[in-house]
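Visitor: Please take one part of this model and look at it closely. Then go on from there to the other parts that can be described.

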Amino acid sequence: MTTNASNAPKTDMHYLQLLSQSFPTIADASTEIINLKAILALPKGTEHFLADIHGESEAFRHVLKNASGNIKRKVNELFGNNVRETEKKELCTLIYYPEQKLELIKARETDIEDWYRITIHQLVKVCRDVSSKYTRSKVRKSLPADFAYIIEELLHESLSDSDKTAYVNVIVDTIISTGRADDFICAICNVIQRLAIDQLHILGDIYDRGPGAHIIMDTLRQYHSWDIQWGNHDILWMGASAGNNACICNVLRLCLRYANLATIEEYGINLVPLATFALETYGDDPCEEFLPKVLPGNSMDEKTRQLTAKMHKAIAVIQFKEEAAIIKRRPEWQMEDRCLFEHIDYQRGICTIDGKEYEMKSCHFPTVDPNSPNTLTEDEALLMQKLHHSFRICEKLHKHIRTLLSHGCMYTISNSNLLFHASCPLNDDGTLKEVEIYPHVKYSGKELMHHIGMIIRSAISGPNEEYPRDYACDFFLYLWCGKDSPLFDKSKMATFERYFLKDKETYKEEKGNYFKLRDSAEICDRILDAFGVKGENRHIINGHVPVHASKGENPIKAGGRLMVIDGGFSEAYHHETGIAGYTLVYHSRGFQLVQHEPFTSQQDAIVREIDIKSTTQIVEMSTHRMLVADTDKGEELRAQVADLKELLYAYRLGIIKEKR
């Protein structure tokens, strides 16, 4: 937008009139321009990228509290050898868990007032450091109302100024003498946690396997700034909440498989009908293939283990029937080969796949009619009605799903980084593949991701003209296990084969072309170009497929263009990956990949001061310190400055009158 002496501002006059309501005078507009230009010169905020959390709420919350080790690093830099290692560890633990740690410290300290005095000064120093890259206005907004004025005064006064030393000391002494020290310490510790991470990006899969997906969602609902690119497990729960019966069955099957019902119970999903049905139907069946995977630290008596196995088999059988019903309804998906109950010789115990016969582990299906194998029995249909109702009326689940919708999408472009959970479907030659997402409607790349997002919203938020709700609700199943789904992208999901067939060759799921070709810098550049990602140092950032660090696999691929940050947060993956997750940190100096070892427990962190042991790998460092001006936010601010200059022009020429 430009102006000259003979022409009116090129910005729309109606917009300028609206802008003038926020900045009614030349002085107001000028002050805002000064403010915005000053912000452009600040260092960029720190972004954290996490993927595939899978219900590991304690580890997730600890990583947020310690900012992937960033707070510990700052404490070491600030206090160096001037403070003992034990005192630095205690200070870090206090910052992470202020309420709990305070109780332990008060029980052992003989001179608590002296400890308060020293600790408050230390916390102010840490808070000053983590807030240094933000404007006073932004810091002020992060402060709790009770202590906003006091913290702001302490942050901007220095003990090196002899004239202010007494002033600062009186503030601290008064905090202690009025009995507010505990509350103040908790408040400033929470401010440090908040300012250590400017923006949190989650690359999908909050749900399944671990016990605390609901806790993670509650945490995120209170978090200051975050976004999510939906993963296949998130989509499964979204489908279940929307009433897709196949998704409901898959959700319950996975919870039973990992002996993890905490999230289901927290959502109030009634499993008594399923338990009753399973005992009545599979009471004499050992259900050996369905015994749950009990992770270390979880205890389960034999009776509960047997009941879980029977429930597991009951819901799995119903799942295959419900999936078949949707697949038959949607022939355009070309998934009828997955209706495997139709290919079983129930007398011989043989399943025929692609013309080849495979022996089954067991062939006990009391609810399957060989003449109509995909039809639910009356009891199964009644059970599904109850489970469907339970998912549809669960207010807490729907609240969490709405949160995923409001903060999420299929992909995001942030500061020259393309974020999506799993895949961008490709042809054999590496070109973007067109995927049919609705009868006779095909898209690829960016448009594919966008329209899938529209289908998802149609199923949950309400139908739109393009995608009817009944189709949108069914489509969750395709997203979960469809061959060309960007959230799956494999030849098949071999759940049936793993449960029922002896030949392990049938378990293989051939990965799609994206996973075969993503090591190529040329392919990654082609995808980045298709999504319109600009910048000299642009990247694709994914999760979904665990990186086997213990086998030497490198999460940095394609000459640095691709970063795969699923390191196995879930305890179920620790033995495969050899680690317990990655955090990618993008600060003003560049990218760092933080590799985490398993988190023991919150109790260990508080009492024994055991932090997550993390190893930092420098991925890419910038030749200059990146500023807000170098980010997407910088582009927005420059556009705002241009608009405000147009407003100044309009004021000075009398086109718009000042409102004094």
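Guide: Leaving aside neighbours within four places in sequence, Asp-566 is in contact (heavy atoms within 4.5 Å) with Asp-52, Asn-542, Gly-543, His-544, Val-545, Pro-546, Val-547 and Tyr-582. This is a predicted model, in which local features need pLDDT of at least 70 and side-chain atom pairs count only at pLDDT 80 or more, while totals for chains, interfaces and linings use all residues. Residues are numbered from 1 along each chain as its sequence is written, and side-chain values use heavy atoms, with hydrogens and water left out.

Asp-566 lies in the loop between strand 14 (562-564) and helix 25 (574-577); helices (H or I, at least four residues) and strands (E, at least two) are DSSP runs numbered from the N terminus. Asp-566 is buried but has no salt bridge, and Arg-209, the nearest side chain of opposite charge, is 7.4 Å away. Buried means under 20% relative accessible area, exposed over 50%, and partly exposed in between, with a 1.4 Å probe and protein chains only. A salt bridge needs a side-chain nitrogen of Lys or Arg within 4 Å of a carboxyl oxygen of Asp or Glu. Lys and Arg count as positive, Asp and Glu as negative, and His and the chain ends are not counted.

Now to the rings. There are 27 aromatic pairs in the structure. Rings of Phe, Tyr and Trp (its six-membered ring) pair if their centres lie within 6.5 Å; planes under 30 degrees apart are stacked, over 60 edge-to-face, and the rest tilted. Tyr-438 and Tyr-467 form an edge-to-face pair, because their ring centres are 5.7 Å apart and their planes stand at 85°. This pair links distant parts of the chain, 29 residues apart: Tyr-438 is in strand 10 (residues 435-438), and Tyr-467 is in the loop between helix 20 (445-461) and helix 21 (469-481). Tyr-438 is partly exposed at 22% relative accessible area, whereas Tyr-467 is buried at 1%.

Phe-475 and Tyr-478 also have ring centres 5.7 Å apart, but their planes are at 20°, so this pair is stacked. The two lie 3 residues apart in helix 21, about one helical turn, and both are buried.

Elsewhere, ring pairs join Phe-290, Phe-320, Phe-341, Tyr-346, Phe-365, Phe-496, Tyr-499 and Phe-500 into a cluster. Lys-313 lies over the face of Phe-365, 5.5 Å from the ring centre. A charge sits over a ring if NZ of Lys or CZ of Arg is within 6 Å of the ring centre and within 35 degrees of the ring normal.
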